[in-house]
Amino acid sequence: MNKDNQNNDFKTPEGYFESFTERLMGRLSDNPSAHNDLIPKKDGFEVPEGYFEGVNQKILEKLNYSETKVVQLKPFKKYYMAAAAVAAIVTLAFIFNWSASKELSFDNIADSDLENYFENTDLGFSTYELAELIPVDELEYSDMLEGHLDQENVLDYLNDNIDDFEALNLENNE
Amino acid sequence: MIAEKTLVEELQSKETQSRAFEVLVDTYKQRLYWHIRRIVLNHDDADDVLQNTFIKVYKNIGGFKGDSKLFSWMYRIATNEALSFLKSKSKKLGISDGELQDNMINNLQADVYFEGDDIQLNLQKAIATLPEKQKLVFNMKYFEELKYEKMSEILGTSVGALKASYHLAVKKIEEYLKDD
């Protein structure tokens with residue numbers, strides 16, 4: 001090190017080069033907080049003093065309370081419920097037998113059901129984020145179109161809507 | 001620390017159940033508390049949800065098959081409990097999830113158990129702007145330092161999707177903090 005430094009007047013703090021590799025590796029490590037200065041390392045949440053020592057007791061008390069048996073005032077209600085349950089099982093069995101002929105598969109799901117699912121389910125990604133994640137080169141324009149476009153229809157459309165249809169010079173590109 | 005397999009067996013046997021449950025609570029209470037606290041933000045709510053989580057674990061341990069790790073299973077219960085707690089809270093107050101998040105952040109300023117300064121408060125505001133999944137992924141990776149494989153077991157999401165979520169979350173939080 002002295003050899004490299006002999007022609008300049010600059011100095012480094014003592015032990016700077018000895019600890020450099022270690023510090024650099026620390027910054028490159030998988031620890032997410034190591035390479036982010038903008039986001040604070042601590043979140044500021046605290047707990048009351050002695051909370052963790054006392055929480056076991058609270059959990060056990062709550063557990064004992066929830067396990068205490070409830071005395072039933074009208075036990076005959078049980079029979080009504082049992083009868084209703086049997087009726088429900090019979091009805092369900094009937095319905096399932098009626099409709100069980102089709103096996104469930106992805107192809108059997110209606111497009112509208114899929115669309116509704118994506119519309120009503122929080123996937124945690126916005127449209128823009130999905131666009132960032134899905135590689136564009138795997139997509140075709142036809143993936144976005146609902147129906148197939150006939151070449152004839154495209155030509156009719158261009159003919160009606162473009163001022164100078166001839167200038168498109170379509171013949172040569174066919 | 002007692003081996004997980006032995007602990008599960010003891011929890012499932014009537015004779016050893018209560019002693020094993022105490023060991024379970026002792027082992028996991030802090031990690032689960034902080035996971036829940038970062039979702040519900042307030043200490044009293046976190047305390048409630050933590051107790052309910054352990055009660056659910058106790059009542060359902062008989063059905064635990066060991067397909068996933070006990071720790072991941074408990075984490076999943078804690079996450080679901082915390083999220084449904086917030087859902088029922090917003091329903092009870094007759095406000096949207098977004099409005100509830102705003103209320104939670106505003107209450108944080110007066111919370112005696114929040115010692116954060118402006119930087120930490122801004123961080124919570126930034127996290128509140130994220131979609132639910134990104135919020136979870138960010139907290140679990142940044143503060144709880146869980147590995148993606150563990151998070152994948154807990155959240156039932158692929159490692160690739162988790163990495164994408166974390167990347168997006170960090171980007172959004174940084175942008176929020178830069179603009180502020």
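This is a predicted model: local features need pLDDT of at least 70, side-chain atom pairs count only at pLDDT 80 or more; totals for chains, interfaces and linings use all residues.
**Exercise 1: The cavity**

Find the largest cavity and work out where it lies in chain B.

*Solution.* 

Step 1. Let's start with the search. Rolling a probe the size of a water molecule over the atoms shows where empty space is left. Over the whole structure, one cavity of 30 Å³ or more turns up. The volume of the largest cavity is about 60 Å³.

Step 2. Next, look at the lining. It consists of Arg38(B), Ile39(B), Leu41(B), Gln101(B), Met104(B), Gln124(B), Ile127(B), Ala128(B) and Lys135(B). Sorted by class, that gives five nonpolar, two polar and two charged residues.

Step 3. At least two lining residues come from each of helix H2 (17-40), helix H5 (97-110) and helix H6 (118-128). H6(B) has the largest share, with three residues.

Step 4. Finally, bring in the domains. Both domain 1 (1-115) and domain 2 (118-180) of chain B contribute to the lining, so the largest cavity lies between them.

**Exercise 2: Where two chains meet**

Describe the contact between chain B and chain A, then pick out a salt bridge that joins them.

*Solution.* 

Step 1. Count the residues on each side: chain B brings 51 residues to the contact and chain A brings 33 residues.

Step 2. Turn to the area. About 3,700 Å² is buried between chain B and chain A, and carbon and sulfur atoms give 65% of that.

Step 3. Check the charged pairs. There are eight salt bridges over all chains, and the count between chain B and chain A is two.

Step 4. Zoom in on one pair. Arg38(B) and Asp43(A) form a salt bridge through their side chains, at 2.5 Å from N to O. Arg38(B) sits in helix H2 of chain B, while Asp43(A) is in the loop between helix H2 (16-28) and helix H3 (51-67) of chain A, so the pair joins two chains.

**Exercise 3: The surroundings of Trp34(B)**

Which residues does Trp34(B) touch, leaving out residues up to four places away in sequence?

*Solution.* 

Step 1. List its contacts. Trp34(B) touches Phe45(A), Glu46(A), Val47(A), Phe52(A) and Glu144(B).

Step 2. Compare sequence with space. Trp34(B) and Met140(B) are 106 residues apart along the chain, and 9.9 Å separates their C-alpha atoms.

Methods
Residues are numbered from 1 along each chain as its sequence is written. Chains are lettered from A and ligands numbered from 1 in the order in which they are written. Side-chain values use heavy atoms; hydrogens and water are left out. On a 1 Å grid over the protein atoms alone, a cavity is a set of points where a 1.4 Å probe fits but cannot get out, and a pocket is an open set with protein on both sides within 12 Å along at least five of seven lines; lining residues have an atom within 4 Å of a point. Grid points are joined across faces, edges and corners, and a volume is the space filled by probe spheres set on the points. Helices (H or I, at least four residues) and strands (E, at least two) are DSSP runs, numbered from the N terminus. Ala, Val, Leu, Ile, Met, Phe, Trp, Tyr, Cys and Pro count as nonpolar, Asp, Glu, Lys and Arg as charged, and the others, Gly among them, as polar. Domain bounds come from an automatic or database domain assignment. Contact means heavy atoms within 4.5 Å. Buried area is the accessible area (1.4 Å probe) that two parts lose on being put together, summed over both. A salt bridge is a side-chain nitrogen of Lys or Arg within 4 Å of a carboxyl oxygen of Asp or Glu.
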